[in-house]
Amino acid sequence: MLGILYTACFSIAIGAGGHNANGKEIQAEEMAQYRERIKDMFYHAYNNYLENAFPYDELRPLTCDGQDTWGSFSLTLIDALDTLLVLGNVTEFQRVYHVLQDGMDFDIDVNASVFETNIRVVGGLLSAHLLSKEGGIKVESGWPCSGPLLRLAEEAARRLLPAFQTPTGMPYGTVNLMNGVNPSETPVTCTAAIGTFILEFATLSRLTGDPVFEDVARKALDALWDSRSDIGLVGNHIDVLTSKWVAQDAGIGAGIDSYFEYLVKGAILLQDEGLMSSFLEYDKVIKNYTKFEDWYVWVQMYKGTISMPVFQSLEAFWPGLQSLIGDINSAMKTFHNYYQVWKQYGGLPEFYSIPQGSAVDKREGYPLRPELVESAMYLYRATGDPTLLELGRDVIEAIEKISRVDCGFATVRDLRDHKLDNRMESFFLAETVKYLYLLFDPDNFLHNDGTTFHTVTTPYGECVLGAGGYLFNTEAHPIDPAALHCCSQHKEDRWEVEGLMQGFRASQYMRMGLSAARASEQYHQYSKKMRTAQDGKTINKRTNKRRVPILSCPSQHFSSKLAVLGQVFTDHS
């Protein structure tokens, strides 16, 4: 099954058109016009961030200034970096790459969200590192197993490691980048902030050779799995010291969402049947207890009784995730439910009451989230259904009409009257714009089906990169799964890559008109030449790789306040 999933993610082919609002087919020319409009949206937001907000984390579009939100990282710059390359702006990609290379410093006295720093900073730096050759950067010898942005990603991740030093292995929600976990830090953390590390941390471990990152991510996943209720559900917030559930509402939305996402994507990235089996078990109980007429509600994790019959905007990622496991029919039905909510408001309110058919009071905002567009992109790659392009068109029109202001795009405070808030989250450029562009750009390099690729020689052998199958982290930063095999000393991994290489090289020779037998002979001659060249080099065996001990968890008492990340539901038993 994993093999099927792996192949499906690498090569889903569709046509280049769909239908517009009048039922007419959207031709390539119209697709190109949408791409230009999306580019205009991106640069209106991005240029205003550079002019009015940099080096702060985010732009405040109503007052044309900036603010730090998640840790003073110039977060929007990091989050937007790989989007620049997706849009084809190699020049600006290179400029920002060097700005980050020369200017990033994590030795700062800042309390940072472990979850947000991982998905936005570590994920953004890893993605830009792996795309640097695609972006025309002159990479250093040994890339992708080394490089300035990889070293920055590793440094950022190391400063998160103290959060994982708990009796359960589940991390605290916040860590001070200079001093570790604050003695007064709450031990209550949401499920997503525990189970959303395996993509970035496993990639770091495979590239750097240091297993500590993947180890702590897996331990956290194991602890969550072991904390399930008797009916197989997980709650919303848990005490990382005792494994006691504090918020017992179970669902697929805020506070839990990306945990499920990373089980699927982690399984594909690492070819890990255990992770996929875990997700499929969850999928069964989610459908059994929370799914009603293609909606998903919130239930009490121990009893399975409905606690909140609401749809949350963050849940709109679910149809895209279903597409990755081949559950297209169910995904499309749920997507259409969510799309109807979009049509009702011109955006997805944070909470929507399913029985009442309206936004929940005080949760009617729309911070330009990407999840519905994300699902549309995945499903369009899988089906070519023109309805999905119509959603993309509607999103462009609505954001331009409701959110565009002189200095960028503003969060919608209330979708009922379209009042705005003075914030433009960095995920607007990292995710919303990127997924929109990819929806209308079937020939983007990220959609590569394996027909093109490039090879690099590392101290561990030859490596295939850029062949497609990119996996997006939960902040839409793409990771090339092939890179994880480039830096391994394990013979079985090298054999796997050499097997891929044999197939690629043989197909190249056959396209040149050689017979299969002659192509195979040419490949083996090529392979022998490469091995001879490698044998003549001094190979770095990483015998002196750097080890940084994880800090111990402080022993002082902790306050009982709840973590800020995600929605906490404490008023239900």
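**Gly469 and the model as a whole**

Gly469 counts as buried, because its relative accessibility is 5%. The model in which this residue is seen is a predicted one. Gly469 is found in the loop between β23 and β24. Its C-alpha atom lies 7.4 Å from that of Asn448, and the two residues are 21 apart in sequence.

**The chain overall**

- The protein chain holds 18 helices and 25 strands.
- Of the 573 residues in the protein chain, 60% are buried.
- The accessible surface of the protein chain comes to about 22400 Å², and carbon and sulfur atoms account for 49% of that surface.
- Among contacts in the protein chain between residues at least 6 apart in sequence, 70% join residues at least 24 apart.

- Strand β22 covers residues 454-458 and strand β23 covers residues 461-465.
- These two strands pair in the antiparallel sense over 5 bridges.
- A hairpin of 2 residues joins β22 to β23.
- Within this pairing, His454 stands opposite Leu465 in β23.
- The loop that holds Gly469 runs between β23 and β24.

- Strands of a sheet pair through backbone hydrogen bonds, and the pairing is either parallel or antiparallel.
- Strand β10 is joined to β13 (residues 298-300) by antiparallel pairing over 2 bridges, and Ala250 has Val299 of β13 as its bridge partner.
- Another open sheet has 3 strands in the order β15-β16-β17, with antiparallel pairing.
- Here the edge strands are β15 (310-312) and β17 (358-359), and each pairs on one side only.
- Strand β15 pairs with β16 (residues 351-353) in the antiparallel sense over 3 bridges, and the bridge partner of Phe311 in β16 is Tyr352.

**Helix α8 and what covers it**

- Helix α8 spans residues 198-208 and is mostly covered, with 10 of its 11 residues buried.
- The buried residues of α8 are Ile198, Leu199, Glu200, Phe201, Ala202, Thr203, Leu204, Ser205, Leu207 and Thr208.
- Just after α8, Gly209 takes a positive phi of about 85°.

**Helices α2 and α15**

- Two packed helices are described by the angle between their axes and the distance between the axes.
- The axes of α2 (residues 28-52) and α15 (residues 386-403) come within 11 Å and cross at roughly 35°.
- The crossing of α2 past α15 is left-handed.
- On the α2 side, the contact is made by Met31, Tyr34, Arg37, Ile38, Asp40 and Met41.
- On the α15 side, the contact is made by Leu389, Arg393, Ile396, Glu397, Ile399 and Glu400.
- The residues of this contact divide into 7 nonpolar and 5 charged, with no polar ones.

**Asp414 and His418**

- Asp414 lies in strand β20, whereas His418 is found in the loop between β20 (412-414) and β21 (419-420).
- Asp414 has a relative accessible area of 12%, under the 20% cut-off, and therefore counts as buried.
- His418 has a relative accessible area of 36%, which falls between the 20% and 50% cut-offs, so His418 is partly exposed.
- Leaving aside neighbours within four places in sequence, Asp414 is in contact with Glu364, Gly365 and Lys419.
- With neighbours within four places in sequence likewise left aside, His418 is in contact with Tyr345, Ile402 and Val412.
- The C-alpha atoms of His418 and Tyr345 are separated by 9.3 Å, and the two residues are 73 apart along the chain.

Methods:
Residues numbered from 1 in each chain as written. Predicted model: local features only at pLDDT ≥ 70, side-chain atom pairs only at ≥ 80, totals over all residues. Heavy atoms only, no water. Axes fitted to C-alpha atoms, helices over the stretch in contact; angles between N-to-C directions. Helix = DSSP H or I, 4+ residues; strand = E, 2+ residues; numbered from the N terminus. Left-handed = near helix turned anticlockwise from the far one by under 90°. Contact = heavy atoms within 4.5 Å. Nonpolar A, V, L, I, M, F, W, Y, C, P; charged D, E, K, R; others polar. Pairing = 2+ DSSP bridges. Buried < 20%, exposed > 50% of the residue type's maximum accessible area, 1.4 Å probe, protein only. Areas by Shrake-Rupley, 256 points an atom, 1.4 Å probe, with all protein chains shown as cover.
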